[in-house]
Amino acid sequence: MIATRPEEIFQEYQKGIDYKSRIGLYETVQQNENFYLGKQWEGVNAPDLDKPVFNVLGRVLSYFLSTIVSDDVAAQVSLFDGKPDEGEQIALDVVSQQFDQIMEQDSTKAKNRLIVRNAAVDGDGYLYAWFDPSEKTGQEAQGRIKTEVIENTNLYFGNTQRADVQSQPWVVVASRLLLESARRLVPDEKTAAAIVPDGDDRPEREEEDEERVTVLTKFWKVQSGGETHVHCTRCTKTTVLKAPFDTGLTLYPLAGMSWQSVKDSCHGRAAISGLIPNQIFINKLMAMCMEHAKRMAFPKIVYSRAAFPNGWDNRVGVAVAANGNLTDAVTAKTASVDMPAQVMTLIDKVITYTKDLMGASDAALGNVKPDNTSAIIAVQKASSVPLELQRMAFYQFVEDTIRIFLDMMRVNYGTRRVVYLDSEGEKQELEFDFSILGEMCLQLNMDVGASTYWSELMQVQTIDNLFERGIITDPVIYLESIPDGYIKNKAGLIASVKKEREAALAMAGPLAGMTGNEGALPRETNAGEAALFQSAGTPTAE
């Protein structure tokens, strides 16, 4: 039996806190965040000691994140049962266009980078999606899909031994809201007045400067009539903010990824967990080296108190009065003590071993002299191979997110006016009923490719070479293959080439009846098209 009363849900929430405390999640997340951000001397009571930070872990993690999210991710929808008909193809084009629109309006790609960052530093990263019906769309159908990044310390599972979100019996999302924000969630003033601030025993919430209340949003799945629907309720410790209701969704609106899976645990292991003692050792040894340099690297002057009754003055150009014979040894200097070279060697080795164990060599990080470019590229590619598991986990997370978007569009979008491109590349507008998506058997194919500036230049260069060598002879195909943004008025150029081609074909019609070779014009027509294309100019990849 699923608990739906506030007291029962809050009791499940407390059990989730107890589990996270037993596995040390709160302390691990707080420590990992500090070390990633460079706050690596927290809690150390040494006021006279310099506290240097050589953030090896942060440097390596930045490399990891940039490597994984350097590729753009796009989703294409296809049918299980083969080639779609015209109506189904329109539906697929509309859905794909809506995916791009959601990601653009909600900055989903930027949030995806934050998800990977949370997975690398904290162990897990989660994205929560919901439908906001108040968002204006410029048409009668209102509302759009929004997303929010959820910390792994704010997500609680019914089965703590499984990491798969969709297989959970129930999921609770916890939020610490300002009192006024929580009261605005309910329209009833009497119910809003019953919401009171509460405390929280979690360590990262001990220093809250304003009155807050814990709001719990619970999801669970109910099977009825052969279908599975997600139900939801929202409450505080004592007050129901939204009574249980059927969302109509078939999937939990939550997607996540772990950096490294842990057996029989719903939480993963972060990339820097276990290597923090190495970072502490590096910082401590460097602090001791600095202290040695301050104390022992500079010689000290020793003088005879009897010879200098007024003390020693070390200012430049100042005369010092002395008693007795000045030829006697009245001053001396102590010899400086050199620090053993093994200390710096040990520090270098610890840094090198730590980076190697994390899978980031000097070549991968760019800390090498580029004498052999090919060898460096080969080493960098080999260094990124251990990250393929995390890259695949990220792609799976994006696919799960797209499936949730598709489910939410089916339930909440209704009939909307949409714009899509037909088979000829022309924009078409129609009223589309998104509820038909539930009747279509859709299969998601993830199309992943690099979208960096250099990759686009390489594409332009390749297309140029293919056209110059005659492998591509059609100017229209050439122009369509050039990435957007490299040619001004590309669509106009394509239309102009097509118009000239149609005019040439129209002129060839009357000549077809003439004797001889007058009617054979493909070579002259292609030459004319090539001349027209060359007059338009070609992009140059510099």
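Me: What order do the strands of the open sheet have?
Reply: The order is β4-β5-β6-β7-β8, 5 strands with antiparallel pairing. Strands here are DSSP runs (E, at least two residues), numbered from the N terminus. Two of them pair if DSSP finds at least two bridges between them. This is a predicted model: local features need pLDDT of at least 70, side-chain atom pairs count only at pLDDT 80 or more, and totals for chains, interfaces and linings use all residues. Residues are numbered from 1 along each chain as its sequence is written, and side-chain values use heavy atoms, leaving out hydrogens and water.

Me: Which strands stand at the edges?
Reply: β4 (155-157) and β8 (240-246). Each has a single partner strand, so one side of each lacks a neighbour in the sheet.

Me: How does β7 pair with β8?
Reply: In the antiparallel sense, over 4 bridges. β7 covers residues 227-235. Arg234 stands opposite Lys242 in β8.

Me: Which helix packs on the sheet?
Reply: Helix α1, residues 6-22. Helices are DSSP runs too (H or I, at least four residues). Helix α1 touches β4, β5 (170-178), β6 (212-224), β7 and β8. Contact means heavy atoms within 4.5 Å.

Me: New topic. How many disulfides does the structure hold?
Reply: It holds 0. A disulfide here is a pair of cysteine sulfur atoms within 2.5 Å. For Cys235, the nearest cysteine sulfur is that of Cys232, 9.9 Å away.

Me: Is Cys235 buried or exposed?
Reply: Cys235 counts as buried, at 1% relative accessibility. Buried means under 20% relative accessible area, exposed over 50%, partly exposed in between (1.4 Å probe, protein chains only).

Me: And what about Cys289?
Reply: Cys289 counts as buried at 10%.

Conventions: Axes fitted to C-alpha atoms, helices over the stretch in contact; angles between N-to-C directions.
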